[in-house]
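Please look over the sequence and the structure shown here before reading on. The notes that follow are grouped by topic.

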Number of protein chains: 2
Amino acid sequence: MASQASRGAVVLLSGGMDSSTTAAIARHEGFRLFALTIDYGQRHRLELESARKVAQFLNAAEHIVLRVDLTCFGRSALTDTIAVPKDRPVTAGHGEIPVTYVPARNTVFLALALAYAESRGLADIFIGANAVDYSGYPDCRPEFIEAFEHLANLGTKAGVEGRTRFRIHAPLLQMTKAQIIRRGIELGLDYGLTHTCYDPTPDGLACGRCDACQLRKKGFAEAGLQDPIAYVC
Amino acid sequence: MASQASRGAVVLLSGGMDSSTTAAIARHEGFRLFALTIDYGQRHRLELESARKVAQFLNAAEHIVLRVDLTCFGRSALTDTIAVPKDRPVTAGHGEIPVTYVPARNTVFLALALAYAESRGLADIFIGANAVDYSGYPDCRPEFIEAFEHLANLGTKAGVEGRTRFRIHAPLLQMTKAQIIRRGIELGLDYGLTHTCYDPTPDGLACGRCDACQLRKKGFAEAGLQDPIAYVC
């Protein structure tokens, strides 16, 4: 930890539970946080407000909110008018890819994080990708993260010149939701600042029924901890 | 050509000479064009107007201009206030990386092109990367293009489910500027629609002295062809 005390890292911070925990872990590892929030036109814009609160809570050196309107490409329940699925079973395992999948989202996010990191002379990028509880997203798998790290070192001036060896950190990759929550609580993270629901009410209450809410509730239950946020049901 | 007659391809179209020629090649290969122009806050915004004209000229099925404000990261002569170098020798070869390098630009562009392609059910992405005349950009090298293709097939629903085998086409990769221009002219491209200069006058004249202008002029001279655009000098 001490050796990295002066180093900075870009952290992709959505304001959700996973990315907020990832940011807390990066900080615990001694990195100064350069938080990057991508506003891609997601319906749950309350996430952006959560991201601001979490960045402040974790004393980020910088927080950039970058607008990239992925809604212009369409085709995702998170960015257009396909209904968010409710009350369906959420089971761990390598099942089908959910309709909430946003095409190439983590590729886009990591590419932007890389641009940010190279601009600031930083080598480390943190992403809250998680392959266990919600394995349906192809861009949350270890082999994807490794492929991106390889690309980052080929496709940048800093990588090619050997000044920087980019590293993509995905500390949650093999953790269950309960483990993630326990780790965040250990590190003092306030999950009341985070936002999870895919389909909140206009006044910001979590629906409690979408996949994301169900996984969050299940995670807190399995961790034996109280979720500080309010749900409609 | 006939077998691809009904297929579409995403083409990264800046409005410059290389990307416009790439679009003309994609069309000649039988693809319907889904042109994607990234407005990343570049100073030469005339490129965006050129991109619109070229997309129309090539009868694109769709043209999306996506704003991604990479200027918020800073550190490039193309996006902030570092002076564009003038009158310096532009030689082929594997020399230093120019100050006009935009951090991780092609990684960001290809990631967005991938999101667009997957959203439209398309497998083919064209980029005008070129490794010969201007080899200083690390993200214009063949190994970078290959690494991205690998990533694309790992990091997408369409790739993982095996419905789509993404292919990144970089038809200019091994061509000199003169060869590119000759190919474009053969295909009927009007280079008068394209924009190249890094530092145009307010009324849109090319400076004639930046690296990009010098390479363009050299290319036309070597191709033995007349450049249809006007220069200050």
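A crossing is called left-handed if the near helix is turned anticlockwise from the far one by less than a right angle, and right-handed if clockwise. Helices (H or I, at least four residues) and strands (E, at least two) are DSSP runs, numbered from the N terminus. This is a predicted model, in which local features need pLDDT of at least 70 and side-chain atom pairs count only at pLDDT 80 or more, while totals for chains, interfaces and linings use all residues. Residues are numbered from 1 along each chain as its sequence is written, and chains are lettered from A in the order in which they are written.

**Two helices of chain B**
- In a right-handed crossing, H6(B) passes H7(B), and Lys177(B) and Ile181(B) of H6(B) are among the residues that make the contact, as are Leu215(B) and Phe220(B) of H7(B).

**The sheet of chain A**
- Five strands form an open sheet with parallel pairing, in the order S3-S2-S1-S4-S5 of chain A, where two strands pair if DSSP finds at least two bridges between them.
- S3 and S5 of chain A stand at the edges with a single partner strand each, so one side of each is left without a neighbour in the sheet.
- S1 (residues 8-12) and S2 (residues 32-39) of chain A pair in the parallel sense over five bridges, and Leu12(A) stands opposite Leu36(A) in S2(A).

**Where the chains meet**
- On chain A, 38 residues are in contact with 38 residues of chain B, contact meaning that C-beta atoms, placed from the backbone, lie within 7 Å.
- H3(A) gives the most to the side of chain A that touches chain B, namely ten residues.

How values were computed
Contact = placed C-beta atoms within 7 Å.
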